[in-house]
Amino acid sequence: MEYKDYYKIMGVDRNATQDDIKRAYRKLARKYHPDVSKEANAQGKFQEMQEAYEVLKDPEKRAAYDQLGANWKAGQDFRPPPDWDAGFEFSGDFGGADESVFSDFFESLFGRQDRSGRGNRRGGGFQGRGQDHHAKVLVDLEDAFHGATRSVTLQAPAVDDSGRLRTRQRTLSVRIPKGIKQGQHIRLAGQGSPGMGGGQAGDLYLEVEFKSHGVYRVEGADLYMDLPVAPWEAALGAKVKVPTPGGVVDLTIAPGSKAGTRLRLRGRGIPAKNPGDLYVTLQIALPPAGDDRSRELYEQMRNQMNFNPRAALGV
Amino acid sequence: MAEDAGRVFTGYVLDESVTLTLTELSGACRVREEQIIELVEEGVIEPDIRKENWMFPSTELRRAGRAVRLQRDLEINAAGAALVLDLLEEIEELRARLGSL
């Protein structure tokens with residue numbers, strides 16, 4: 001497995017004080033928190049950082065980690081020396097970084113603990129409902145129109161043959177139903193952690209996120225798009241074709257339409273019992289004056305049309 | 001855990017018509033009920049209070065989950081998380097509008 005340089009990850013010196021480390025964590029957490037960050041790979045960075053903080057914030061774990069020596073380089077092949085942790089006692093209080101999955105490197109040093117079980121345990125006896133799990137599933141906007149099957153990869157803790165808790169990757173194929181919306185959750189009953197002592201398994205919650213689309217912007221069940229039209233289509237009126245995720249439809253442009261005019265195509269948004277609408281904003285596309293004939297037409301307009309686009313500006 | 005190869009799971013969409021109890025919502029967010037109550041008191045999420053027991057529109061799960069993660073990972077209180085969420089939502093809306101210009 002690879003050695004991890006926790007100091008480098010946190011951007012602090014090996015002899016940083018506990019306060020320095022806390023400050024560095026807070027700063028990085030604000031920058032890379034997956035609920036806040038726009039950085040690429042924020043999730044991965046954040047997990048790596050949480051793991052580093054888990055070790056460095058605890059003087060006992062930090063001392064044990066330091067004992068490995070400063071000569072290791074990040075990424076170097078690592079095997080813990082025998083008895084490396086002799087004389088250290090870990091309190092077993094693993095912060096609260098509950099959904100993150102720590103590296104093999106971390107687990108080989110500090111073992112793996114169920115870091116998140118605490119708040120959720122209630123009731124007596126040995127029977128307990130398994131934990132609920134969360135994951136995100138990225139879907140295309142088109143999936144909301146036609147339905148689809150998408151696979152989701154989960155990092156799930158599972159007990160192996162020797163009774164140790166290990167992280168296991170698991171891929172599920174999940175049906176994305178027609179009409180799904182951004183931010184909605186799909187609940188898969190019984191697909192969370194197994195229950196204890198014959199207790200019920202937890203549920204898996206999948207949060208649906210649309211991939212960004214080149215043409216449409218989604219707001220709830222409504223879609224927004226820009227539609228280019230020719231100047232004569234806007235001026236004289238026309239019937240034009242509009243692509244919608246559900247197929248091409250005809251749209252009537254009224255004579256004298258201006259750029260920025262917004263038209264509503266009722267019920268052409270995300271389908272549902274109350275389907276969303278599609279809002280089309282007209283953009284006037286300028287034909288290039290690339291050849292003689294086009295230039296001639298523009299010249300004719302200039303000479304024959306009494307049009308001052310800056311009249312409202314008083315010049 | 002059984003192998004899931006070849007199996008397609010069909011879930012249950014939590015849309016506007018689905019409500020969650022306090023226990024379900026706190027279970028889904030993996031926190032104690034008290035923490036959800038605190039978010040309600042802070043106005044981060046709103047239960048339907050017409051019924052005897054609180055029922056939460058399932059669409060609140062997203063807000064509650066984000067608030068809980070922010071509180072835990074940034075070590076901030078419910079009021080701080082509430083402010084972050086409001087600002088984030090405003091930014092998301094503005095970004096979406098920018099994208100459509």
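Modeller: What follows goes term by term, with the rule beside each value. This is a predicted model, in which local features need pLDDT of at least 70 and side-chain atom pairs count only at pLDDT 80 or more, while totals for chains, interfaces and linings use all residues. Residues are numbered from 1 along each chain as its sequence is written, and chains are lettered from A and ligands numbered from 1 in the order in which they are written.

Colleague: How do you know that the span of α8(A) agrees with a helix of 13 residues?

Modeller: Helices (H or I, at least four residues) and strands (E, at least two) are DSSP runs, numbered from the N terminus. The expected span is 1.5 Å times one less than the number of residues. For α8(A), residues 292-304, that gives 18 Å, and the end C-alpha atoms are 18 Å apart, so the two agree.

Colleague: What makes up the contact between the chains, and how many residues does each give?

Modeller: Two residues are in contact if their C-beta atoms, placed from the backbone, lie within 7 Å. Chain A gives 35 residues and chain B gives 30. On the chain A side, β3(A) gives the most, with 5 residues. Ala, Val, Leu, Ile, Met, Phe, Trp, Tyr, Cys and Pro count as nonpolar, Asp, Glu, Lys and Arg as charged, and the others, Gly among them, as polar. By that rule, the chain A side has 12 nonpolar, 13 polar and 10 charged residues.

Colleague: How do you know that β4(A) pairs with β2(B)?

Modeller: Two strands pair if DSSP finds at least two bridges between them. β4(A) and β2(B) have 3 bridges, in the antiparallel sense. One bridge partner is B:Leu14, for A:His185.

Colleague: What makes β6 and β10 of chain A the edges of their sheet?

Modeller: The open sheet has 4 strands in the order β6-β7-β11-β10 (chain A), with mixed pairing. β6 and β10 each have a single partner strand, so one side of each is left without a neighbour in the sheet. β10(A) is joined to β11(A) by 4 antiparallel bridges. There, A:Leu265 stands opposite A:Leu278.

Colleague: Which strands of chain A form a hairpin with 2 residues between them?

Modeller: β8(A) and β9(A) do. They run antiparallel, joined by 7 bridges. A:Lys239 stands opposite A:Thr252 in β9(A).

Colleague: Why is α1(B) called roughly perpendicular to α2(B)?

Modeller: Axes are lines fitted to C-alpha atoms, for helices over the stretch in contact, and angles run from 0 to 180 degrees between N-to-C directions. Under 35 degrees counts as roughly parallel, over 145 as roughly antiparallel, 65 to 115 as roughly perpendicular and the rest as oblique. The axes of α1(B) and α2(B) cross at roughly 105° and come within 9 Å. That makes the two helices roughly perpendicular. The residues of their contact include B:Leu22 and B:Ile36.
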